[in-house]
Amino acid sequence: MPYIEIKTRKQIDSTLAQKIINKQCVSAVLTTGVITKPAKKLFDDNDVAYAENVPERIFMESEAQEEG
């Protein structure tokens, strides 16, 4: 079943991007850091959506809404 992978790290490089792609079940990646250009190309070539520089507070607000 496809899922969204969330990473809280400063950078996703092509090595990590390839590891994520190799799982073959990740449809999107969200990170609080940046994604390098080579990693973005790998994601694009493998139809994995991505978003970078996502503020951590968005995850905290979402978690609070789910619990309430």
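1. Confidence. The protein has a mean pLDDT of 89. Of its residues, 88% reach 70 or more. Helix α2 (residues 37-45) has the highest mean pLDDT among the elements, at 98. Helix α3 (residues 56-67) has the lowest, at 66. Where pLDDT is low, the predicted coordinates should not be read in detail.

2. Sheet order. Three strands form an open sheet. The order is β1-β3-β5, and the pairing is parallel. β1 (3-7) and β5 (49-51) are the edge strands. Each has a single partner strand, so one side of each lacks a neighbour in the sheet. On average, neighbouring strands of this sheet are turned by 15° against each other, direction ignored.

3. The β1-β3 pairing. β3 spans residues 26-31. It runs parallel to β1, and five bridges join the two strands.

4. Aromatic rings. How many aromatic pairs does a search of the whole structure find? It finds one. The pair is F43 with Y50. Their ring centres are 5.9 Å apart, and the planes stand at 35°. Planes under 30 degrees apart would count as stacked and those over 60 as edge-to-face, so this pair is tilted.

5. Exposure of the two partners. Y50 has 30% and is partly exposed. The cut-off for buried is under 20%, and exposed means over 50%, so a value in between counts as partly exposed.

How values were computed: Residues numbered from 1 in each chain as written. Predicted model: local features only at pLDDT ≥ 70, side-chain atom pairs only at ≥ 80, totals over all residues. Heavy atoms only, no water. Pairing = 2+ DSSP bridges. Helix = DSSP H or I, 4+ residues; strand = E, 2+ residues; numbered from the N terminus. Axes fitted to C-alpha atoms, helices over the stretch in contact; angles between N-to-C directions. pLDDT = per-residue confidence, 0-100. Phe/Tyr/Trp six-rings, centres within 6.5 Å; stacked < 30°, edge-to-face > 60°. Buried < 20%, exposed > 50% of the residue type's maximum accessible area, 1.4 Å probe, protein only.
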